[in-house]
Each structure stands twice: as C-alpha cells, then as structure tokens.
Amino acid sequence: MRSTPRSLRSLRSLLVISTMALAGCANPFMDNYVGGRQELEGTPVRVFKEIKSTRLGVSKFSKKMEIGQLPGDDEALATAEEVGASAYWWRYAPTFSASDESARMGAGDGMVGSTPAFGPALGEKAFKWYDFEAVFYANPPVKKP
C-alpha cells in the first residue's frame, strides 16, 4: 500500500475542516443571488437608496432572527465583491405574519402582552422574521456636478 505524503494529508484535513466551517456560515445574500458576474474593479460602494444604473443582479430572502443575529453589511459587501459589483444597495424590514407573536399570556396573573424574550418588539408584536432585498450594480454611482 502506498503511503500519502504528510503534507498532502494535512492539506486534505484542512480542506475538510474549512468546508465544514463554511457550511455553518452561509451568506444568505449570496445564496439567494440571481444575476450576472463581472470582474471586480476596486471596492464596491454602498449606496443608501436605489440608483438608476445597470443592475448586475438582485438578492431577496426572508430570514428568522436567531440569537439576535441578522445578516448585515458585511455579508452584502462580501456578495458584491464576489459577483464583481461596483455598487450595492440593501435593506430589510420586519415581516408581519402568523409566526409573529401578537401577545402572550403572563405567568399566572392572566395578563396579556408580556415582553418577548428575544427580538425587537413594537407594541405587542414581536418580530422574528425579516424580509431582505439587495441590488448589485454593474457600474459605480454617477456623482452629480
């Protein structure tokens, strides 16, 4: 039986560990990206409103808040870099659905509307799901003179 060189075994182990680590840290902006790709030229610019420019692609998804964590600008920027976008815009908004808790019974005293243990609340609604939308642009924003 032929033995595998030590460096090759180490490389295989590193690849397996890296793949497993990345599987747990998926980027929902990239996972839901629909559009083209181009070569990256510089750092993508974040714009804070949609602009009139050539769209490279879009990403839309809903995400449940888990332990107070939601995807943010780091994930959107990573997607913009991966697809070669020159600019990107993204936003999120709470989803109003049956999965949101409108009110809960208080323990023992029959009161309705106790504060939710996790997630931001508005009135008696506790938001657990959010809709995300991102647009990735092929060209940088045009500066007005």
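This is a predicted model: local features need pLDDT of at least 70, side-chain atom pairs count only at pLDDT 80 or more; totals for chains, interfaces and linings use all residues.
1. Is Phe132 buried or exposed? Phe132 is buried, because its relative accessible area is 3%, where buried means under 20% relative accessible area, exposed over 50% and partly exposed in between, with a 1.4 Å probe and protein chains only.

2. Residues are numbered from 1 along each chain as its sequence is written, and side-chain values use heavy atoms, with hydrogens and water left out.

3. The sheet is open and consists of five strands in the order β1-β3-β7-β4-β2, with mixed pairing; two strands pair if DSSP finds at least two bridges between them, and helices (H or I, at least four residues) and strands (E, at least two) are DSSP runs numbered from the N terminus. The edges are formed by β1 (33-35) and β2 (45-46), each of which pairs on one side only.

4. Within this sheet, β3 and β7 run antiparallel and are joined by nine bridges, and Lys60 has Glu133 in β7 as its bridge partner. Three bridges join β1 to β3, also in antiparallel fashion, and Tyr33 stands opposite Ser59 in β3.

5. The helix α3 lies across β1, β2, β3, β4 and β7, and runs at about 145° to β4; axes here are lines fitted to C-alpha atoms, for helices over the stretch in contact, and angles run from 0 to 180 degrees between N-to-C directions. Its buried residues are Ala76, Thr79, Ala80 and Val83. Seen down the axis of α3, these buried residues fall within an arc of 100°, so they line one face of the helix, the arc being that of the directions from the helix axis to the C-beta atoms. They pack against α2, β1, β3, β4 and β7, and just after α3 Gly84 takes a positive phi of about 85°.

6. The largest nonpolar core has 17 residues, of which Phe29, Trp90 and Phe136 touch the most other members; such a core is a set of buried Ala, Val, Leu, Ile, Met, Phe, Trp, Tyr and Cys residues joined through side-chain atoms within 4.5 Å. At least two residues each come from α2 (28-31), β3 (55-64), α3 (73-83), β4 (87-94) and β7 (129-137), and β7 gives the most, with four residues. Apart from this core lies another, of five residues, among them Ala87, Trp89, Val135 and Tyr137.

7. Phe29 deserves a separate look: leaving aside residues up to four places away in sequence, Phe29 touches residues including Phe61, Ala76, Thr79, Trp90 and Phe132, contact meaning heavy atoms within 4.5 Å.

8. Aromatic pairs number nine, where rings of Phe, Tyr and Trp (its six-membered ring) pair if their centres lie within 6.5 Å, and planes under 30 degrees apart count as stacked, over 60 as edge-to-face and the rest as tilted. The rings of Phe29 and Phe61 have centres 5.2 Å apart and planes at 85°, so this pair is edge-to-face; Phe29 in helix α2 and Phe61 in strand β3 are 32 residues apart. The rings of Tyr92 and Phe132, with centres 5.3 Å apart and planes at 20°, are therefore stacked, and this pair links strand β4 to strand β7 across 40 residues. One aromatic cluster is formed by Phe29, Phe61, Trp90, Tyr92, Tyr130 and Phe132.
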